[in-house]
Amino acid sequence: FFLMRRRPPRSTQSRSSAASDVYKRQAVHGTTNVLRAALKNNVKRVVLTSSIAAVISTNMSKGVFTENDWANVQGAAPYEKSKVLAEMVAWRIVRERESRQN
């Protein structure tokens, strides 16, 4: 199974509330829906390809980033904010699954 999600049209790539809603809906809700469907259908492995936008405002000299490193979403552009929030929700779903298995 392969899923590719593309970014919204250029007309929505602004800092407006409407643009933010489009990005959030596609990134956060899309990630949630795909991961929940994978769990429901016993998919053994999901590869989520994120973006440097999820960590870009952190200490870039660090070199190696983990699931504990996040960009600051306050004042972030809609695209960057959506990447952070989508990855955060993915990690939350993984942790919920792990806690149910233990």
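What percentage of the contacts in the protein with a separation of 6 or more is accounted for by residues 24 or more positions apart? The share is 54%, where contact means heavy atoms within 4.5 Å.

This is a predicted model, in which local features need pLDDT of at least 70 and side-chain atom pairs count only at pLDDT 80 or more, while totals for chains, interfaces and linings use all residues. Residues are numbered from 1 along each chain as its sequence is written, and side-chain values use heavy atoms, with hydrogens and water left out.

**Overall architecture**

The secondary structure comprises two helices and zero strands; helices (H or I, at least four residues) and strands (E, at least two) are DSSP runs, numbered from the N terminus. Helix 1 spans 17-40 and helix 2 spans 78-101. The protein has 102 residues, of which 26% count as buried. Buried means under 20% relative accessible area, exposed over 50%, and partly exposed in between, with a 1.4 Å probe and protein chains only.

**The nonpolar core**

The largest nonpolar core has seven residues: Ala27, Val28, Leu35, Ala86, Val89, Ala90 and Ile93. Helix 1 and helix 2 each supply at least two residues of this core, and the largest share, four residues, comes from helix 2. Such a core is a set of buried Ala, Val, Leu, Ile, Met, Phe, Trp, Tyr and Cys residues joined through side-chain atoms within 4.5 Å. In soluble globular proteins, nonpolar side chains tend to be buried together.

**Ser82 and Lys24**

Ser82 is in helix 2, and Lys24 is in helix 1. These two residues are 58 residues apart in sequence, yet 5.1 Å apart in space, C-alpha to C-alpha. Not counting residues up to four places away in sequence, Ser82 touches Tyr23, Lys24, Ala27 and Val28. With the same exclusion, Lys24 touches His29 and Ser82. The side chain of Ser82 also reaches the backbone oxygen of Tyr79, at 2.7 Å.

**Selected residues**

| Residue | Relative accessible area | Class |
|---|---|---|
| Ser82 | 3% | buried |
| Lys24 | 41% | partly exposed |
| Asn42 | 64% | exposed |
| Asn68 | 60% | exposed |

Asn42 lies in the loop between helix 1 and helix 2, and Asn68 is placed in the loop between helix 1 and helix 2 as well. Asn42 has a positive phi of about 55°, although it is not a glycine. Asn68 and Met88 are 20 residues apart in sequence and 9.4 Å apart in space, C-alpha to C-alpha.

**The second largest pocket**

The second largest pocket holds about 430 Å³ of space. A pocket is an open set of points, on a 1 Å grid over the protein atoms alone, where a 1.4 Å probe fits, with protein on both sides within 12 Å along at least five of seven lines; lining residues have an atom within 4 Å of a point. Its lining has 17 residues, and Leu35, Arg45, Val46, Ala90 and Val94 lie nearest its centre. Helix 2 gives the most to this lining, with seven residues. By type, the lining divides into 11 nonpolar, one polar and five charged residues. Here Ala, Val, Leu, Ile, Met, Phe, Trp, Tyr, Cys and Pro count as nonpolar, Asp, Glu, Lys and Arg as charged, and the others, Gly among them, as polar.

Definitions and conventions. Grid points are joined across faces, edges and corners, and a volume is the space filled by probe spheres set on the points. A polar contact is a pair of N or O atoms within 3.5 Å; within protein, one must be able to donate a hydrogen and the other to accept it, and residues adjacent in sequence count only if both atoms are side-chain atoms.
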